[in-house]
Amino acid sequence: KIVTGLSTGKDLKQNKENKNKPFNIQENAACTAQKLTVRETEIVNLIGKGKTNKELAQLLFISEGTAKNHITNILSKLELRDRTQIALYAAKNMDD
C-alpha cells in the first residue's frame, strides 16, 4: 500500500520541533553543491553579490521567470529555505 502526500501527527510534531533548531547551511548544502549546473552556480554567485531577479535576468540574458525557476531549483538542490540562505551559502562556499 503506497500513500503519498500525507503526514502523520508525529511528522507534524517533528516539523514543529525542527523549525526552531539552528539551520546549518554548510551541513545541509555541502554534499549537494556538486549537483548545481553552471548557470545555477552563476546565479548563486550573483545572489551572493546582492543582485535582484531583474538584475539576474538582465545580466544573464534570461527572463525574470527563468531566473525564478533557477532559484527554485537551487533552493531544492541545496535544501535551503529562502534567497537569504542562498546568499549566505554563496558567502561561505563560492569563489569570486
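Which residues of α4 are buried? In the predicted model, these are Asn-53, Leu-56, Ala-57 and Leu-60. They lie on the same side of α4, because the arc they cover around the axis is only 95°. An α-helix has 3.6 residues a turn, so residues three or four places apart point the same way. Lys-54 and Gln-58, on the other side of α4, are exposed. The partners against which the buried residues of α4 pack are α3, α5 and α6. Phe-61 follows α4 and has a positive phi, near 60°.

The largest nonpolar core comprises 17 residues, and those that touch the most other members are Ile-43, Val-44, Leu-56, Ile-71, Ile-74 and Ile-86. Two or more residues of this core come from each of α3 (38–48), α4 (53–60), α5 (64–78) and α6 (83–93). The greatest contribution, five residues, is that of α5. Leu-56, a buried residue of α4, is in contact with Ile-43, Leu-46, Ile-47, Lys-51, Ile-62, Ala-67, Ile-71 and Arg-83, when neighbours within four places in sequence are left aside. In soluble globular proteins, nonpolar side chains tend to be buried together.

The protein has a mean pLDDT of 78, with 65% of its residues at 70 or more. Among its elements, α4 has the highest mean pLDDT (97), whereas helix α1 (residues 9–19) has the lowest (47). Over residues 1–16 pLDDT stays under 50, and the model has one contact beyond four places in sequence for these residues.

Technical notes
Residues are numbered from 1 along each chain as its sequence is written. This is a predicted model: local features need pLDDT of at least 70, side-chain atom pairs count only at pLDDT 80 or more; totals for chains, interfaces and linings use all residues. Side-chain values use heavy atoms; hydrogens and water are left out. A nonpolar core is a set of buried Ala, Val, Leu, Ile, Met, Phe, Trp, Tyr and Cys residues joined through side-chain atoms within 4.5 Å. Buried means under 20% relative accessible area, exposed over 50%, partly exposed in between (1.4 Å probe, protein chains only). Helices (H or I, at least four residues) and strands (E, at least two) are DSSP runs, numbered from the N terminus. Contact means heavy atoms within 4.5 Å. The arc is that of the directions from the helix axis to the C-beta atoms. pLDDT is the predictor's confidence in each residue, from 0 to 100.
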